Amino acid sequence: MRNYLNNIDRRLSRIIRTIAGEADRRGLPAYIVGGIVRDIILGRENLDLDIVVEGDAVALAKKVAQAQGAVVRVYPEFGTATVQWPSGVRVDFASTRRESYPYPGALPRVAPSAGTLRDDLFRRDFTINAMAVCINRGDFGRLVDEFGGLPDLRGGTIRVLHDRSFVDDPTRILRAARFEQRLHFRIEAATLRLLKKALRTKAVDNVKPPRYFAEFRKMLSEDNPAGQLGRLEDLGALGLMDPAWALDIRLLEQVCKRWQRLPVKLALEYRRSRWLIFFMASAEAIGGRQLPRILGKFPLKKEEKESILQVPGTRPLLRQLAVPGLSRSEVYRILKPLTAGMAVYLRLRADHVGVAERVDRYLTRDAGLRPDIDGEDLKRMGVKPGKEIGAILSGILYQKIDGELKGRRSQLAAAGAMVPGREGKTDGPHQTGQ
Ligand code: CTP
């Protein structure tokens, strides 16, 4: 018998053995299941471990966490628990379960402890995600492949386990495209027919938009978002996000390519917004009138929404940024009202090197500059609290950005000259610094 857990990541291996020891002590059949099994066989890194046990998963999780000093979170409504290790390994514990869908597209109703391992595997999306590996003593590392996952993995095939799969859970339509593109697999012919048939049923309308969004966001987080969304378009499935969803694939491809060539410092700083930038690129074809309604359906943070809503201004902004002879402070004034995400987006949409450089300079340097004097300094000069303070400080900042006012001393003098009635006066006791 081949041991599928022979050559796995050491962090995983140690944790699996601990869980296995505890399961054995309790006499519980325990398995690793789902995507991690697929990735172990493919040799792809994955530190999200799913464990199912034929028995009480929550009690096992608590015991393992306690013995290891790891953090456990219990979800009583689902009968599941998650244990997080400081090394980055995360383990989800669940009892083998059978699911039923109250109506097509609804979240499954879970009957904990009511199923066998086979039931648990049968409720899953694709054969390649429906394998398990036993971790009990005597059986450690044995593959359980009831539905032909291994040959499909070797043959590069995405295949559902039964005809109702996409109707039960239409988010699997996006998942099929995602795994196909990620792994360079092919959706098998009968599965493709079922997928297309499901798209014509009412089941797709029963799914809550945030569930589609979660899968869409995962697609945008993959290595090749343009390939991902291009495939969704081929399948006629972009409309799952919204009937008005449109895509300019060339534009998305270009933004993806330019992201790869982004200066390392920027790519690192904005890596958490990577998916958002690609969302913006895919939203550019939609048009400003539809966007607010569409975004209202999805769980987006305020700043993410703001960034996307600024996208329809892309072309006029790029034209403004291309005007010859712009000073750095003029570039600053164009970009400052925008979100950082939108500034990065403009950088990636810029066809002219000069425009890209202007945005780079803003992002890496000018956006973070502040005047070396503050409101208190101005109050001491007799400026009343209010708008004027802001206006003077901005004026000083613009000159600093343009390299004209380097230190505090020159900024105080310049501010003094801007205060009505103080022109020409020098500052005495408060003037400190260079
Ligand atoms: N699953 C499913 N149907 C879904 C979502 C998930 O059957 N709509 C099952 C699959 O067996 C999947 C497992 O739950 O392997 C875990 O789901 P998830 O973490 O979303 O996917 P992974 O396969 O782990 O994919 P990734 O590598 O992208 O995390």
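**Close-up views of a predicted model**

View 1. His162 sits in the loop that runs between β10 (157-158) and α6 (165-168), where helices (H or I, at least four residues) and strands (E, at least two) are DSSP runs numbered from the N terminus. The relative accessible area of His162 is 19%, so this residue is buried (under 20% relative accessible area, with a 1.4 Å probe and protein chains only). Leaving aside residues up to four places away in sequence, His162 touches Phe122, Asp168 and Leu194, contact meaning heavy atoms within 4.5 Å. This is a predicted model, in which local features need pLDDT of at least 70, side-chain atom pairs count only at pLDDT 80 or more, and totals for chains, interfaces and linings use all residues. Residues are numbered from 1 along each chain as its sequence is written, and side-chain values use heavy atoms, with hydrogens and water left out.

**View 2. Residues around the ligand.** Among the 14 residues around the ligand, those that come nearest are Arg38, Asp125, Asp169, Arg178 and Arg182, a residue being counted if one of its heavy atoms lies within 4 Å.

View 3. An N or O atom in the side chain of Arg182 is 2.7 Å from an oxygen atom of the ligand, and a polar backbone atom of Gly35 is 3.0 Å from an oxygen atom of the ligand. A nitrogen atom of the ligand is 3.2 Å from an N or O atom in the side chain of Arg172.

Conventions: Buried means under 20% relative accessible area, exposed over 50%, partly exposed in between (1.4 Å probe, protein chains only). A polar contact is a pair of N or O atoms within 3.5 Å; within protein, one must be able to donate a hydrogen and the other to accept it, and residues adjacent in sequence count only if both atoms are side-chain atoms.
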